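Here are my notes on the model you asked me to look over. They are set out as numbered points, to be read beside the coordinates.

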Amino acid sequence: MAAAEHASSKDKAKDKSQDAATTWHGIVLQTLKRNEIKLVPYVPDRVLTTLIKDLHTDPYFTTFPTAREEEAVGIVSGAWMAGMRGAVLMQTSGFATLANVLASLAVPYQIPLIMFVSERGTLGEFNYGQALVCRTMRPVLDSLAMEHHTITRLDELEFIADRSIKQAVTTQAPVALILSPLLTGGKTFDK
């Protein structure tokens, strides 16, 4: 019996490591670790649920929900000033609340804020408000001269995320990594 349980736990560990290499959320988690990002506040989001659950179960990370995206940005900014790296997880609509905190804190004080943004407002979106925010997000990032990348394919995720994080830390500049529904599968809508 003990041998069977041991084999079963080995199989689960193998499945988990295989999952980390073949799913978008597994790749994000491993990339965060490789770049010594331990603090990950977030605003709950259905698309990011699996990543959030994985972060909570991994003792390497300190992760918790915040009430608003600005709060998460402030926490990660303070952590950077104290010597800890962090990333924020949010949805496109939450990004709409960030122009002030980005323009008055992250950009001028050169905080290497890493933002993973699950993209809504496109590819079959039913909510007009989400569509408006989606259309304005990139122009806002451009107007703040913030680096941003939209990741659409699993085979490009690790390279873009890893290099973007390294660049943000080296140049002390924020970056937004927009996770397209083409990558994540997007939000599923019940009929």
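**Notes on the predicted model**

1. Among contacts in the protein between residues at least 6 apart in sequence, 73% join residues at least 24 apart, where contact means heavy atoms within 4.5 Å. The protein has nine helices and six strands, taken as DSSP runs numbered from the N terminus (helices H or I, at least four residues; strands E, at least two). Of its 191 residues, 47% are buried, that is, under 20% relative accessible area, with exposed meaning over 50% and partly exposed in between (1.4 Å probe, protein chains only).

2. On provenance, this is a predicted model, in which local features need pLDDT of at least 70 and side-chain atom pairs count only at pLDDT 80 or more, while totals for chains, interfaces and linings use all residues. Residues are numbered from 1 along each chain as its sequence is written, and side-chain values use heavy atoms, with hydrogens and water left out.

3. Helix α2 (residues 24-34) and helix α3 (residues 49-57) have axes that come within 9 Å and cross at roughly 40°; the axes are lines fitted to C-alpha atoms, for helices over the stretch in contact, and angles run from 0 to 180 degrees between N-to-C directions. That makes α2 oblique to α3, given that angles under 35 degrees count as roughly parallel, over 145 as roughly antiparallel, 65 to 115 as roughly perpendicular and the rest as oblique.

4. On the α2 side, this contact is made by W24, H25, V28, L29 and L32, and on the α3 side by T50, L51, D54 and L55. By class, it has six nonpolar, two polar and one charged residues, counting Ala, Val, Leu, Ile, Met, Phe, Trp, Tyr, Cys and Pro as nonpolar, Asp, Glu, Lys and Arg as charged, and the others, Gly among them, as polar.

5. F116, in strand β4 (residues 114-118), is buried, with a relative accessible area of 0%. Not counting residues up to four places away in sequence, F116 touches V28, L32, A87, V88, L89, M90, I165, L177 and L179. V28 and L32 are also among the α2 residues that make the contact with α3. The C-alpha atoms of F116 and T92, 24 residues apart along the chain, are separated by 9.6 Å.

6. Y60 is partly exposed, with a relative accessible area of 26%, whereas F61 is buried at 7%.
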